[in-house]
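Keep the structure open and look up each residue as it comes.

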Amino acid sequence: MADFNSLKRLVVQNTQRYLVNPVGRRLPVVMLETVGRKSGQPRHTAIGGRLVGNQFWLVSEHGEHSDYVRNIKANPAVRLRISDQWRAGTAHLLPDDDARARLQQLPRGNSAVVRAVGTDLLTVRVDLD
């Protein structure tokens, strides 16, 4: 099963990197900006989730295997583009949160995709400034 999950993760990550993210940069979807842990450069990732008060909740489909999660671990200061406005915040990785239950509280379409392609779900909360 580990080999299948590794292959699945590779296919999904490459699809996101070369198709979803470039398209997402041009569409009014939520974008997460992290600082590259090696390059120090801004990195943008199209994400799905929900704004609840002054917090944005999302579930990473590949958990600590996701580059943006690795970037958050190195530097939790992030920005989110929501409705064409950038907002700064601090990201928190929540491994003790039930990510499958959390998906039931997030937008249905994105949650279905995360469940279908995910290999290691991880809840992420961004506290917005």
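1. Start with Glu33. This residue counts as buried because its relative accessibility is 14%; buried means under 20% relative accessible area, exposed over 50%, and partly exposed in between, with a 1.4 Å probe and protein chains only. Glu33 lies in strand S1, residues 31-35. Its side chain makes a polar contact with the side chain of His44 at 2.8 Å. A polar contact is a pair of N or O atoms within 3.5 Å; within protein, one must be able to donate a hydrogen and the other to accept it, and residues adjacent in sequence count only if both atoms are side-chain atoms.

2. Know what you are looking at. This is a predicted model: local features need pLDDT of at least 70, side-chain atom pairs count only at pLDDT 80 or more, and totals for chains, interfaces and linings use all residues. Residues are numbered from 1 along each chain as its sequence is written, and side-chain values use heavy atoms, with hydrogens and water left out.

3. Which residues does Glu33 contact, leaving aside neighbours within four places in sequence? They are Pro42, Arg43, His44, Val78, Arg79 and Trp86. Contact means heavy atoms within 4.5 Å.

4. Now the overall layout. The protein has four helices and seven strands. Both are DSSP runs numbered from the N terminus: helices are H or I with at least four residues, strands E with at least two. From the N terminus, the order is α-β-β-β-β-α-β-β-α-α-β. Of the 129 residues, 37% count as buried.

5. Next, the largest nonpolar core. It has 16 residues. Such a core is a set of buried Ala, Val, Leu, Ile, Met, Phe, Trp, Tyr and Cys residues joined through side-chain atoms within 4.5 Å. Leu32, Ile47, Phe56, Leu58, Ile72, Leu80 and Val126 have the most contacts inside the core. Strand S4 (55-60), helix H2 (67-74), strand S5 (77-82) and S7 each supply at least two of its residues. S7 gives the largest share, four residues. A second, separate core has seven residues, including Leu94, Ala99, Leu106 and Val114.

6. Finish at Gly118. This glycine sits in the loop between helix H4 (108-117) and strand S7 (122-128). Is Gly118 buried or exposed? Gly118 counts as buried, at 14% relative accessibility. Not counting residues up to four places away in sequence, Gly118 touches Lys8, Glu61, His62 and Val113.
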